[in-house]
Number of protein chains: 2
Amino acid sequence: MTYDPQNPFAKILRGELPCVRVYEDEATVAIMDIMPQAEGHVLVLTKEPAAEIFDLSADGAAACMRTAQRVAAAVKAALAPEGLVIGQFNGAAAGQTVPHVHFHILPRYEGQALRPHGSVHADTEALNALAARIKAALSKQG
Amino acid sequence: MTYDPQNPFAKILRGELPCVRVYEDEATVAIMDIMPQAEGHVLVLTKEPAAEIFDLSADGAAACMRTAQRVAAAVKAALAPEGLVIGQFNGAAAGQTVPHVHFHILPRYEGQALRPHGSVHADTEALNALAARIKAALSKQG
C-alpha cells in the first residue's frame with residue numbers, strides 16, 4: 001500500500017479526527033477501535049508516516065511492540081479475556097484497510113467469535129468506559 | 001498458559017528436535033512452520049522460557065519484533081505475496097497451541113484462504129527450498 005497522509009489514522013494523529021485514546025508516548029498512540037471485533041479491541045499506531053511494516057524504521061517497530069505489550073497486559077488485567085491476539089496486517093490481501101501501520105490488540109473470549117472487521121460502530125460512552133478501565137490498568141504498571 | 005520446558009519449541013531451541021531454520025541471533029530463532037497455513041509461513045521464537053507475551057521481557061519482545069520485521073521483509077522479497085500478516089497468539093482461546101512465545105509470519109496470496117492451523121505436514125524438501133530463498137533475501141538485507 002502507498003502511504004496516504006489523509007488516512008484516518010494520520011488525521012487522528014494530527015488531531016483532525018476524534019479518538020478514544022488509552023496511551024501515548026513519543027513514537028506511538030493507542031486508541032480504542034471504533035468498530036471493535038471484540039470488547040476491548042485496541043489499536044497501536046506508529047507516529048511514523050509508514051503504510052506497511054516494510055516502510056517502518058526498526059526503532060518504530062520496536063516502539064510499537066513495546067506499546068503493544070504494555071497495552072496487551074493492561075487489557076488482560078482490566079478485562080480478563082481468556083485469550084489475546086496481537087495482529088499486524090500488510091496489504092489488502094492480508095486484511096489491511098488503512099494505509100498506516102497499526103497493531104491490533106484483540107481480546108478473545110471463550111465461545112465468542114470475532115465480529116467481522118469494521119462491521120458495527122461502537123457506542124462512544126461504552127468505549128470511554130472500557131478505555132478508562134484499560135488506562136487504570138496501565139497506570140498500575142508503573 | 002503455563003510454560004512447559006518440554007514443549008516442541010523448547011526442544012527445537014535445545015537441539016532435541018529438528019527444524020528448518022532461516023535465521024538466528026542471541027535472542028531469537030526463525031524457523032519454517034512444518035504445518036504451514038500458507039507457502040512461506042515462518043515462526044519467530046523467543047529464546048526466553050516465556051509461555052505468553054505477558055511473561056516475556058520487554059527486551060525479549062523487542063528482539064522478536066526486530067526479527068519478525070526482518071523475516072517479513074525477506075519473505076516478501078523472496079516470495080512476493082500480495083499481503084503479509086504478523087500474528088502472535090496468547091491462550092487457547094486465541095488459537096495458541098504451543099506454550100512458548102512465537103510470532104507467525106504469514107504470507108497472504110490473492111484468492112487463497114489460509115489453511116487451518118496444523119492441518120497438513122509440509123514436505124521437508126519443499127520447506128528447505130523455501131528457507132533457502134528466504135535466507136538469500138535475508139543475506140541481501142546486509
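Biologist: How many cavities of 30 Å³ or more does the count come to here?

Modeller: The model is a predicted one, and the count comes to 1 cavity of 30 Å³ or more. The largest cavity has a volume of about 30 Å³.

Biologist: Which residues line the largest cavity?

Modeller: Chain A gives A:Ile86, A:Gly87, A:Gln88 and A:Phe103 to the lining. From chain B come B:Met65, B:Ile86, B:Gly87, B:Gln88 and B:Phe103. Strand S4 (83–90) of chain A and strand S4 (83–90) of chain B each supply at least two residues of that lining.

Biologist: How do the lining residues of the largest cavity divide into nonpolar, polar and charged?

Modeller: They divide into 5 nonpolar, 4 polar and no charged. Gly counts as polar in this division.

Biologist: Now the helices. What describes two packed helices?

Modeller: Two packed helices are described by the angle between their axes and the distance between the axes. Take helix H2 (residues 58–79) of chain A and helix H2 (residues 58–79) of chain B: their axes are 9 Å apart and the packing angle is about 135 degrees. That angle makes H2(A) oblique to H2(B). The crossing of H2(A) and H2(B) is right-handed.

Biologist: Which residues of H2(A) and H2(B) meet?

Modeller: A:Ala58, A:Ala61, A:Ala62, A:Met65 and A:Gln69 in H2(A) meet B:Ala58, B:Ala61, B:Ala62, B:Met65 and B:Gln69 in H2(B). The residues of this contact divide into 8 nonpolar, 2 polar and no charged. B:Met65 is also among the residues that line the largest cavity.

Biologist: At what angle do the axes of H2 and H3 of chain A cross?

Modeller: The axes of helix H2 (residues 58–79) and helix H3 (residues 124–140) of chain A cross at roughly 115 degrees and come within 8 Å. H2(A) is therefore roughly perpendicular to H3(A), and their crossing is right-handed. On the H2(A) side the contact is made by A:Arg70, A:Val71, A:Ala74, A:Val75, A:Ala77, A:Ala78 and A:Leu79. H3(A) brings A:Leu130, A:Arg133, A:Ile134, A:Ala137 and A:Leu138. The residues of this contact divide into 10 nonpolar, no polar and 2 charged.

Note on methods: Residues are numbered from 1 along each chain as its sequence is written. Chains are lettered from A and ligands numbered from 1 in the order in which they are written. This is a predicted model: local features need pLDDT of at least 70, side-chain atom pairs count only at pLDDT 80 or more; totals for chains, interfaces and linings use all residues. Side-chain values use heavy atoms; hydrogens and water are left out. Axes are lines fitted to C-alpha atoms, for helices over the stretch in contact, and angles run from 0 to 180 degrees between N-to-C directions. Helices (H or I, at least four residues) and strands (E, at least two) are DSSP runs, numbered from the N terminus. Angles under 35 degrees count as roughly parallel, over 145 as roughly antiparallel, 65 to 115 as roughly perpendicular and the rest as oblique. A crossing is left-handed if the near helix is turned anticlockwise from the far one by less than a right angle, and right-handed if clockwise. Contact means heavy atoms within 4.5 Å. On a 1 Å grid over the protein atoms alone, a cavity is a set of points where a 1.4 Å probe fits but cannot get out, and a pocket is an open set with protein on both sides within 12 Å along at least five of seven lines; lining residues have an atom within 4 Å of a point. Grid points are joined across faces, edges and corners, and a volume is the space filled by probe spheres set on the points.
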